Amino acid sequence: MQVQFITLVLVLLTSSVSVSSTTSRISLVSTTIFDVMKYGAKGDGKTDDSQAFMKAWKAACQSTPNSKSIMNIPGGRTYLLKPVAFAGPCKPSKIFVQVSGNIIGSTKKTDWMSNHADSWLLFSMVNGLTVSGNGQINGQGPIWWKNACIGTPPPALQFKRCNSLRLNGLTHINSPRVHISLTTCNGVIASNLHIIAPETSPNTDGIDISSSTNVNIRDSVIATGDDCIAISGGSSNIKISGIMCGPGHGISIGSLGHGGTDVVENVDVRNCTMTKTLTGVRIKTYQGGSGYARNISFKAIKLDAVYNPIIIDQYYCPTQEDCINSTSAVKLSDISFDGITGTSNMDNVINLSCSETVACTNISMDNVYISSVTPGRKVFGKCVNAHGRISHVKPLFNCLKP
Ligand SMILES: *[C@@H]1O[C@H](CO)[C@@H](O)[C@H](O)[C@H]1NC(C)=O
Ligand SMILES: *[C@@H]1O[C@H](CO)[C@@H](O)[C@H](O)[C@H]1NC(C)=O
Ligand SMILES: *[C@@H]1O[C@H](CO)[C@@H](O)[C@H](O)[C@H]1NC(C)=O
Ligand SMILES: *[C@@H]1O[C@H](CO)[C@@H](O)[C@H](O)[C@H]1NC(C)=O
Ligand SMILES: *[C@@H]1O[C@H](CO)[C@@H](O)[C@H](O)[C@H]1NC(C)=O
C-alpha cells in the first residue's frame, strides 16, 4: 500500500507540466520522494532510526541534478535519532525535508560520547534546502540540563554554510542548548516556528545567528530559558519581525568583542511582543575587543512586564570574574529605538552603558513610553557615555549627550 501510494504521488508530481503561452516551451521539473520508512525507519520512538535517515538523506542528496528531492518524514510516528550530520553539497538544486512526524533525541550518554557531535542534527553545505512541516523536533533537553557533568550540550539543529535556506512551520522543543543555530549561511527565511522550553532551562536560546547574511525571521513564537533570538559577530542584513517572545531573555545583539573583532550591521527588529522577558531589546559587548555594531533599528516593540526593556551593556561580564575595564571596545553607532511601549517589572527601564573610551554615537529614541507594572510607581532611565537624541520619551530621559 505504502509503495503504491508513493508511486502515485510520484506520477502526479513528475507529470506536473507548466506551459508558458508566450513561448510554448514546456518545462518539466521532476520531483522524487525519499521516504524514511522506505529506508528502514521504524518510527516507534525506541529503535534508533539514524541510519535510515542517513540513507534517505544520501539518496535525496545524490538524486538527479536540476530536480527536486523530498525527504519525507511521515506523521503519526516518533523517530529516535542519535547525532546525525546531513552533509552536502547535493546534486538537486532544491531539497525539501518534510517533517510531519516527531523527532526525538537520544537520552543515552554513550550515543553522544561516541559521536563527538557538536550538534544533534547538523545540515552543512546544502544549498536550496527547505525544512518544513507540522512535525516536532524534541531535543530531550531535561537530561542535559540537570547533568552539567555530561559535557557541553549541543545545539539541537544547526545549519552551517547553507545558502537559500527556508525553515517553516515546525515545533522545536527542549533543546539541550540552542534550539536553532545558523552559522555562515546566506539567504535564510524562517517563519511560523514554535520554539518552546521551560523558563528555567539553561542556555536554551531560540535562534542564534552568527556569521550569516540576509536572514529574515518572522511570525514565530519563541518561549525558552534564554535569548529568543541572539545575533552575533559577522552578521549583517538581518530582519526580524512578528516574534512573540517570552518567557526568555528577549532579542539580543551579542555578546560581541569577546577577545576579538566582531562586526554586526543592518539589523531591523520590528513588530515584536516581549512578555515577561528578562530583557527586551539588548546590545551586549564585553570590555575589550574591536569592530563595530551599527545601523540597528528596534521598532514597534510591545512590552508586557519586561524586567529590563532597553539595554546597551558594554560591560557585559556574565561570570562576574575579572571584569576589568579595557580601553578598547566594539564601537556602537546608528542605533534607533522607535515605538517601544509597555510595562516593566523593574524601575530602571532604560540602561545605556557605553564604553568609557569608545562612546556610543548617533542613538535615537522616539516614541518610547515605558511605565511600571505597578500603577503609579516611578521608573527611570540612565546612561553612561551615550550620544544621540530623543523625542517623545517617557520616563524623563535626559542623559544622552548631543
Ligand atoms: C505583527 O506580528 C504579528 C505576529 O506577532 C502578525 O500577526 C501581524 O500581522 C504583524 N503586523 C505587521 C504590521 O506586520
Ligand atoms: C541600514 O539597514 C537597513 C536594513 O535594516 C538597510 O536597508 C539600509 O540600507 C542600511 N543603511 C545603511 C546606510 O547601510
Ligand atoms: C568601569 O567603568 C564603569 C563606567 O565608568 C564604572 O562604573 C566601573 O566602576 C568601572 N569598573 C572598574 C572595575 O573599574
Ligand atoms: C544616524 O543613524 C541613522 C539610523 O538610525 C541614520 O539614518 C543616520 O544617517 C545616522 N546619522 C549620521 C549623522 O550618521
Ligand atoms: C546598568 O548597566 C550597567 C552595566 O551592566 C550596570 O553596571 C548597572 O548596574 C545598570 N544600572 C542599573 C540602574 O541597573
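Visitor: Cys-354 and Cys-360: are they buried or exposed?
Guide: Cys-354 is buried, and Cys-360 is too. Buried means under 20% relative accessible area, exposed means over 50%, and partly exposed is what lies in between (1.4 Å probe, protein chains only). This is a predicted model, where local features need pLDDT of at least 70, side-chain atom pairs count only at pLDDT 80 or more, and totals for chains, interfaces and linings use all residues; side-chain values use heavy atoms, with hydrogens and water left out. Residues are numbered from 1 along each chain as its sequence is written, while chains are lettered from A and ligands numbered from 1 in the order in which they are written.

Visitor: What makes Cys-354 and Cys-360 a disulfide?
Guide: Their sulfur atoms are 1.9 Å apart.

Visitor: Why is the disulfide of Cys-354 and Cys-360 called left-handed?
Guide: The torsion about its S-S bond is about -105°, so left-handed it is.

Visitor: How many disulfides does the structure hold?
Guide: Five. Number the bonded cysteines in sequence order and the pairing reads 1-2, 3-4, 5-6, 7-8, 9-10.

Visitor: What is the handedness of the disulfide of Cys-228 and Cys-245, left or right?
Guide: The torsion about the S-S bond of Cys-228 and Cys-245 is about 90°, so this one is right-handed. The sulfur atoms of Cys-228 and Cys-245 sit 2.1 Å apart. Cys-228 lies in the loop between strand E20 (213-223) and strand E21 (229-231), and Cys-245 in strand E22 (residues 235-245), so the bond ties together parts 17 residues apart in sequence. Strands (E, at least two residues) and helices (H or I, at least four) are DSSP runs, numbered from the N terminus.

Visitor: How do you know that Cys-228 counts as buried?
Guide: Its relative accessibility is 0%, so it counts as buried. Cys-245, at 1%, counts as buried as well.

Visitor: Which parts of the chain does the pair Cys-61 and Cys-90 link?
Guide: Cys-61 and Cys-90 form a disulfide, with sulfur atoms 2.2 Å apart. The pair links distant parts: Cys-61 is in helix H2 (residues 50-61), and Cys-90 is in the loop between strand E7 (84-87) and strand E8 (94-99), 29 residues apart.

Conventions
Disulfide = S-S within 2.5 Å.
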